[in-house]
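Here is a briefing on one protein structure, grouped by topic. Please keep the sequence and the 3D view at hand while reading.

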Amino acid sequence: MKDVKVVTEIERKKWNDFVYNHSQGNIFQTPEMFEVYKNTKNCEPVFLAAASNNEVLGILVAVIQKESGGFLGRLTARAVISGGPLIADVNCREEIFKLLLDALDEKLKKEVIYVQFRNLYDLSSWRQYFTGKGYAFEEHLDFISDLTLGEKGLWDKLFSARRNKIRGAQKEGIKVMIANNISQIEEGHGILKKTYSRVKLPLAGKDMFMSVYNILSGKNMVSCFVATFEGAIIGILYLLRYCDNAYVWYAGSSLKHYAKHPNDILYWEAMNWCCHNGYKVFDFGGAGIPGKEYGVREFKKQFGGKLVNYGRFEKIYRPAIKKIIFFGLKMHQKI
């Protein structure tokens, strides 16, 4: 591991090439997603790379998220890493992994309450290294669909209740299209805001969705599917796209039109579109904690995907503050 150093800047092309050619490369570790975070209020992206003799050996992209600026922002700051780190297949990969985690620790320990790795693939082989650095593992589920089955194969995998609701949406006259202008994104965000407020889940600020659309759409890295009824948008689904993989990012629908099953047809049309456009994997974007009731899990389950438990790794720097903040958020949700 001679001369391996952790740096905060590398050539953009080397960064892009490393992620693209890595077997577990994903959109969340790309320069484009870094730019999205950089252009989002109350978000601060963090980039670390392990390099030796001008060769990239590892990459980690994190984002520090805050509820607001100022004092409250410092109290609510947390860091999230999705789909990272990415380590080259070399003999010293364990040492590279430790170097990146140590550098991340040094950067975050005075800035955030906790840091969380949200795994998009199996990181069980790294578990001992995470725990050795003070991280705890938490089980977290997801569903993955194999798009190489083709349209008929995917349709046959659906539970009968889900197929019936998709047919019902079609009979109701629900149409699905890909948004092609900012006004549709803004209208869709209003639906997302109401949806996430209704289910008491946090939602990224409007500027992040604008950044995703402005930065990623021109590079074919995002599709925003909208469900319409009589010309009005009644549902929306953000699909992040990278190489052979598609990831459900955010989705929601109008409560007024919920009985028309916009969610069912949105997910199906997004899957079907990916199937016909060369994608191989459809990631449903999470299904909650095992044993804990989560209605979205049952919904996603009925699309016939494979249940996986890649979990999350979390390290808490300020446990007392985290407990107080989470208690406050729960009280706010109840109110």
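The largest cavity in this predicted model is lined by His-22, Gln-24, Pro-85, Ile-87, Arg-93, Tyr-121 and Trp-126. About 40 Å³ of space lies inside this largest cavity.

**Cavity and pocket**

- Rolling a probe the size of a water molecule over the atoms shows where empty space is left.
- How many cavities of 30 Å³ or more are there? The count comes to one.
- Sorted by class, the lining of the largest cavity has four nonpolar, two polar and one charged residues.
- One of the lining residues, Pro-85, sits in the loop between β4 (78–82) and β5 (86–87).
- The peptide bond that joins Gly-84 and Pro-85 is cis, with omega at about 0°.
- The second largest pocket holds about 330 Å³ of space.
- Lining the second largest pocket are 18 residues, and Leu-120, Tyr-121, Asn-245, Tyr-247 and Val-281 are those that lie nearest its centre.
- Which elements give two or more residues to the lining of the second largest pocket? They are β12 (245–253), β13 (281–283) and β14 (306–308).
- The lining of the second largest pocket divides into nine nonpolar, six polar and three charged residues.
- Tyr-121 is among the residues that line the largest cavity, and Tyr-121 is also among the lining residues of the second largest pocket.

**Helix α2 and its neighbours**

- Two packed helices are described by the angle between their axes and the distance between the axes.
- Helix α2 (residues 31–38) and helix α9 (residues 206–216) have axes that come within 9 Å and cross at roughly 145°.
- This crossing of α2 and α9 is right-handed.
- On the α2 side, the contact is made by Glu-32, Met-33, Glu-35, Val-36 and Tyr-37; on the α9 side, by Met-208, Ser-211, Val-212, Ile-215 and Leu-216.
- By class, the contact of α2 with α9 has seven nonpolar, one polar and two charged residues.
- The axes of helix α1 (residues 12–21) and α2 also come within 9 Å, and they cross at roughly 115°.
- Arg-12, Trp-15 and Asn-16 of α1 meet Pro-31, Glu-32, Phe-34 and Glu-35 of α2 in this contact.
- The contact of α1 with α2 has three nonpolar, one polar and three charged residues.
- Glu-32 and Glu-35 take part in the contact of α2 with α9, and both are also part of the contact of α1 with α2.

- Is α2 mostly covered or mostly uncovered? Helix α2 is mostly covered, with six of its eight residues buried.
- The buried residues in α2 are Pro-31, Glu-32, Met-33, Phe-34, Val-36 and Tyr-37.
- These buried residues of α2 pack against α1, β2 (43–52), β3 (55–65), α9 and β11 (232–242).
- In α9, the buried residues are Met-208, Phe-209, Met-210, Ser-211, Val-212, Tyr-213 and Leu-216.
- The buried residues of α9 pack against α2, β2, α8 (182–198), β10 (222–229), β11 and β12.

**Leu-104**

- Leu-104 lies in helix α4 (residues 93–108).
- Leu-104 counts as buried because its relative accessibility is 0%, and the cut-off for buried is under 20%.
- Leaving out residues up to four places away in sequence, Leu-104 touches Leu-48, Leu-60, Ala-62, Ile-81, Val-115, Phe-117 and Tyr-135.
- Leu-104 and Ala-62 are 42 residues apart along the chain, and their C-alpha atoms are separated by 8.8 Å.

**Positive phi angles**

- Asn-42 is not a glycine, although it has a positive phi of about 65°.
- Where is Asn-42 placed? Asn-42 is in the loop between α2 and β2.
- Asn-42 has a relative accessible area of 25%, so it is partly exposed.
- His-261, another residue other than glycine, has a positive phi near 65°.
- The loop between β12 and α10 (262–276) holds His-261.
- His-261 counts as partly exposed because its relative accessibility is 21%.

Key:
Residues are numbered from 1 along each chain as its sequence is written. This is a predicted model: local features need pLDDT of at least 70, side-chain atom pairs count only at pLDDT 80 or more; totals for chains, interfaces and linings use all residues. Side-chain values use heavy atoms; hydrogens and water are left out. Axes are lines fitted to C-alpha atoms, for helices over the stretch in contact, and angles run from 0 to 180 degrees between N-to-C directions. Helices (H or I, at least four residues) and strands (E, at least two) are DSSP runs, numbered from the N terminus. A crossing is left-handed if the near helix is turned anticlockwise from the far one by less than a right angle, and right-handed if clockwise. Contact means heavy atoms within 4.5 Å. Ala, Val, Leu, Ile, Met, Phe, Trp, Tyr, Cys and Pro count as nonpolar, Asp, Glu, Lys and Arg as charged, and the others, Gly among them, as polar. On a 1 Å grid over the protein atoms alone, a cavity is a set of points where a 1.4 Å probe fits but cannot get out, and a pocket is an open set with protein on both sides within 12 Å along at least five of seven lines; lining residues have an atom within 4 Å of a point. Grid points are joined across faces, edges and corners, and a volume is the space filled by probe spheres set on the points. Buried means under 20% relative accessible area, exposed over 50%, partly exposed in between (1.4 Å probe, protein chains only).
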